[in-house]
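My notes follow in the order I checked things.

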Amino acid sequence: MKINKAFRHCSGLALLGGMLVAGGAQAQSDSTECIAPAKPGGGYDLTCRLAANGLQETGLIDQPMVVTYMPGGIGAVAYNHVNGVRTDDPNLIVAASTGAAVNLALGKFGQYDATEVRWLGALGVDYGAIVVNADAPWQDLDELMADLRDSPGEIAFGAGGTIGSQDWMKAALTAKSADIAPQDLRYVAFEGGGEALAALLGDHIQVFTGDLSELKSQLESGKVRVLAALSEERMGGPYADIPTAAEQGYDVQWPIWRGYYMGPEVDDEAYAAWVERLTELSESEQFAELREARGLFPMSRFGPEFDSYVQEQVAQFKSLAEEVGLSQ
């Protein structure tokens, strides 16, 4: 929803005051900056560091990129800050992910929707996975979906996050692709993926909707079986033998992209310069090593293509949320 300029300016000044007290805001300058909408050490920190370290090491920026932490509302505070205060800063990018798209779909960013910023691009991605214990009775996704159709309440799915979270969305979209109502699923929420994986290994749940990158050690130990990767195509390395859901007949992908957006009034020239800069970064061998070291897979979507991709994701999540009664 658009708001008038005066209201945007006033609300922006109030928010800026709060950020200055917290020490989170940075004045606009010639140096580049990345806002991580969370505390240090999490996924958004990783996303900012991915750009900051990559651009510095490849010589695509002259000065080190400043990383600013702005936690609050799982990204809402930073989103409102950029829309209210830093609307046209050509040197500012903000870390985002699939989780931001989910929250936008659920209306958790207040008056601003997904069209309020300039979506810049993504430099890396992880993928969701449908995981069962190594001794589970299901050898592939078809077998699991067949039993799920017959008795959806008897198979416990579990993951980090409550109903409406990213990990719940993976389960819901997979069920929906098999014509199973997501609201019929039995879903157990955990504090994080590690706790959910432990519950799977302890036979407290039957299916874990995790991420490929967090499963490497478990695959090597032979303790789990990944029935499907929620990727567009098969991944390489230790994941090469894992079929995608799509190749098994289920039209569902869950990329956990790591990307960035800019203020809504950043001019086309500055936006295009950032698109070119990140595109060049993504194509360098030096960056490929940096990305792999952080457990991410290649993803290169930039500019209008990425913007359209995010808008489509948000629309899909919003439709699913409405279907199961989660929308506001």
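Is Lys170 buried or exposed? I find Lys170 buried, at 1% relative accessibility. I am working from a predicted model.

**Entry 1: Lys170 and its partner.** I looked for a charged partner and found that Lys170 makes a salt bridge with Asp211, with 2.4 Å between the closest N and O atoms. Lys170 belongs to helix α6 (residues 166-177) and Asp211 to strand β7, so this pair ties together parts that are 41 residues apart in sequence.

Entry 2: How many salt bridges does the model have? I get a count of eight. One of them joins the side chains of Arg86 and Glu33, at 2.7 Å from N to O. I noted where the two sit: Arg86 is in the loop between α3 (76-84) and β3 (92-97), while Glu33 is in strand β1 (residues 33-36). They are 53 residues apart, and the pair links distant parts of the chain.

Arg86 also forms a salt bridge with Asp89, where the closest N and O atoms are 2.9 Å apart. I checked the cover on each residue. Arg86 has a relative accessible area of 7% and is buried. Asp89 is buried as well, with a relative accessible area of 2%. Glu33 is also buried. Which residues do the shared partners join? I wrote down one network made of Glu33, Arg86 and Asp89.

**Entry 3: strand β4.** I turned to strand β4, which covers residues 118-133. Is this strand mostly covered or mostly open? I find it mostly covered, as 15 of its 16 residues are buried.

- Strand β9 (residues 255-262) runs antiparallel to β4 and is joined to it by eight bridges. Gly124 has Arg258 of β9 as its bridge partner.
- Strand β8 (residues 224-229) pairs with β4 in the antiparallel sense over five bridges. Asn133 has Val224 of β8 as its bridge partner.
- Strand β7 (residues 207-211) pairs with β4 in the antiparallel sense over four bridges. Ala129 has Gly210 of β7 as its bridge partner.
- Strand β10 (residues 301-302) runs antiparallel to β4 and is joined to it by two bridges. Ala122 stands opposite Arg301 of β10.

I noted a link back to Entry 1: β7, which pairs with β4, is also the strand that holds Asp211, the partner of Lys170.

Entry 4: Which residues form the negative surface patch? I wrote down Asp142, Glu143, Asp147 and Asp150. I placed Glu143 in helix α5, residues 141-150.

Definitions and conventions
Residues are numbered from 1 along each chain as its sequence is written. This is a predicted model: local features need pLDDT of at least 70, side-chain atom pairs count only at pLDDT 80 or more; totals for chains, interfaces and linings use all residues. Side-chain values use heavy atoms; hydrogens and water are left out. Patches are made of residues with over 30% relative accessible area and no salt bridge: like charges are joined within 9 Å, nonpolar side chains (Val, Leu, Ile, Met, Phe, Trp, Tyr) within 5 Å. Accessible areas come from the Shrake-Rupley method with a 1.4 Å probe; for residues, only the protein chains shown count as cover. A salt bridge is a side-chain nitrogen of Lys or Arg within 4 Å of a carboxyl oxygen of Asp or Glu. Lys and Arg count as positive and Asp and Glu as negative; His and the chain ends are not counted. The place of a charge is taken as NZ of Lys, CZ of Arg, CG of Asp or CD of Glu. Buried means under 20% relative accessible area, exposed over 50%, partly exposed in between (1.4 Å probe, protein chains only). Two strands pair if DSSP finds at least two bridges between them.
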